[in-house]
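Have a look at the structure first, then read on.

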Amino acid sequence: MESVPLETGATHGRADWERLAAAVLRKSGRLADDAPDADVWARLTRRTLDGIAIPPLGTPDLLSGLVSSGRPTRNGDWDIRPVHADPDATATKQAVLADLENGATSVWLQVGEHGLALADLVTVLEPVLLDLAPVILEAPGDQLEVAQAFATLARGTQLADGTNLGVDPVGAAIRTGGFSAAMSSRHTHGLVEPAGRLATELGCLAVVVDGTVVHDLGASDVQELGYVAAVGAGYLRELVEAGHDVDAAASLIEFRLAATDEQFPTIAKLRAARRLWARVLELSGAGTGSMRLHAVTSRPMMSRYDPWVNMLRTCVATFAAGVGGADAVTVLPFDAPIGLPDNASRRIARNTSSLLVAESHVGAVADPAGGSHLVEKLTDDLAVAGWAELGLLETAASGDEHGSLAGLAGLEDRIGAVVAERDRQVATRKRPLTGLSEFPNLHESLPERTPYAGGGLPVKPYGHAFEELRAAPVEPKVYLATMASVAAHTARATFATNLLAAGGIDVVNEGAHDDVDAVLAHYNGEPVVCLVGADAAYAEWGTPLAEALRAAGARWVVVAGKPLEGCDDNCAAGVDALEFLTRTREQLR
């Protein structure tokens, strides 16, 4: 970019930035020479899956009229909270001790179909000092039975702050039976009230409002916010109706949200969640109660293939969760999409938080993103949209015997629309997934892991369509008909190789060829051929080459670039990669 002199000491505004940015876009051909400079603002503004605009530059005018509330309140380090789901009681006991002795500060246990047997709870917790290490339970099946079993172990102990019985009837019903099950009153009534009584007796938390339940199924940030606000308000009502005053009831609730590798949206989402809950408490007549917030690195954002990239994703997500004010953070191990993590991956996950806390000092400031024009605006937009989503859930529930749960049917439909749009963006690689849709390695050796009990929690990975293709690789290989010099064909050969690998398709690349005869000399009858070269080579001998290859036995000829006469298909940046890969795979069978 050519430097543009600015007057020393002058005050520069948005127009100056637009002028500089426009010059860059014009030079790259992305902005017409006669287009106004101001057009770059719209061109560079992107939108979230909720339709919220993310401007290219944070400016003071974004904060005009905004009300800032619900700011993070955590002071210092966050609670490092590993999750344990191994049904082997001995292995889980050892893993829990290793975590607590090496930086973890609490224990999250999954009990039931997807984790420990209830009878093994006493074995796992036997060495845990319950007055020092908070224990958080998750039992989608017999929630009260598990809570009561824990109570038997814990009675007479001053439990560590943050201990939670983990009752979440709505979330459990969605996990085990879908939205229709959650809307059934028999799945949701009669659990929160006794959990509240038991928790009050023990001196701990009673319920978890788990937003990751809908996040794991594909919900957007706004939908996750609206969901936790609605379910949290519902649990608050039940506790108050059972005799708790509103402040005491609110103190029994913990919220759980997903943290993704989209750094700024995650920071803003956690801040917006606090603002939403503060408003719910205000309307409920509560005092100045705070929101206890647990962030979990996103399951859907992780990939089964090239799983080591997950370490980068979870590191960014953990940083965002810490900056966003999460009171507790769970970093899922990089191999979590494959099966039960091993000791090394658990250590890496645990140390991700430890390094951010102890060496990067991310927790030293309560609200480091506060005052950022972009983050404050995004926080406000998410809070407003989340409140509107809550309104949709509550309005749909009006007059229904199932209360706010009646609105879940509409939420399920809205989540479906978000999933369809996200899938479209992933398919066209507007949302690239490194190691999966971009730069895949067909010849990698994946680590072997023990499968989860019961198949694990239901999750819809962002790259599920590409993972399905990779799980069923096809033969034979695609022959790359490389045209002209190495410099001319290398970029498109690399592009085609990576794209085909994303669909589980390997290639044969014999290097550059100068003419049709040279290509045919290395061709071994592969049914699918992909021409890769420069536009000039395509224009000169691309069509004759396609015809010669077809005569030699190729039944499907592809060109890397714009459509070419004589070719059956083409691949280029912006195409629907999944549709292209599906067509190509059909021709290879």
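This is a predicted model: local features need pLDDT of at least 70, side-chain atom pairs count only at pLDDT 80 or more; totals for chains, interfaces and linings use all residues.

Residues are numbered from 1 along each chain as its sequence is written, and side-chain values use heavy atoms, with hydrogens and water left out.

**How the spaces are found**

- Rolling a probe the size of a water molecule over the atoms shows where empty space is left.
- On a 1 Å grid over the protein atoms alone, a cavity is a set of points where a 1.4 Å probe fits but cannot get out, a pocket is an open set with protein on both sides within 12 Å along at least five of seven lines, and lining residues have an atom within 4 Å of a point.
- Grid points are joined across faces, edges and corners, and a volume is the space filled by probe spheres set on the points.
- Helices (H or I, at least four residues) and strands (E, at least two) are DSSP runs, numbered from the N terminus.

**Cavities**

- There are six cavities of 30 Å³ or more in the structure.
- The largest cavity holds about 100 Å³ of space, and of its 14 lining residues, Glu 138, Gly 166, Asp 168, Ala 172 and Asp 210 lie nearest its centre.
- Strand 6 (135-138), helix 6 (169-182) and strand 8 (205-210) each give two or more residues to that lining, with helix 6 giving the most, three residues.
- By class, the lining of the largest cavity has six nonpolar, three polar and five charged residues.
- The second largest cavity holds about 50 Å³, and its lining is Leu 225, Val 228, Ala 229, Phe 255, Ala 273, Leu 276, Trp 277, Val 280 and Met 291.
- Helix 11 brings the largest share of that lining, four residues, and helix 9 (221-241) also supplies at least two.

**Pockets**

- The largest pocket has about 960 Å³ of space and 43 lining residues, with Ala 336, Pro 337, Leu 340, Pro 341 and Tyr 452 nearest its centre.
- In the second largest pocket, about 440 Å³ of space is lined by 23 residues, and Thr 260, Asp 261, Glu 262, Arg 431 and Tyr 462 lie nearest its centre.
- Its lining divides into ten nonpolar, four polar and nine charged residues, with helix 11 (263-283), helix 14 (373-397) and helix 15 (408-427) each supplying at least two.

**Helix 11 against helix 12**

- The axes of helix 11 and helix 12 (309-323) come within 8 Å and cross at roughly 35 degrees; axes are lines fitted to C-alpha atoms, for helices over the stretch in contact, and angles run from 0 to 180 degrees between N-to-C directions.
- On the helix 11 side, the contact (heavy atoms within 4.5 Å) uses Gln 263, Thr 266, Ile 267 and Leu 270, while helix 12 brings Val 316, Phe 319, Ala 320, Ala 321 and Val 323.
- That contact has seven nonpolar, two polar and no charged residues.

Terms used. Ala, Val, Leu, Ile, Met, Phe, Trp, Tyr, Cys and Pro count as nonpolar, Asp, Glu, Lys and Arg as charged, and the others, Gly among them, as polar.
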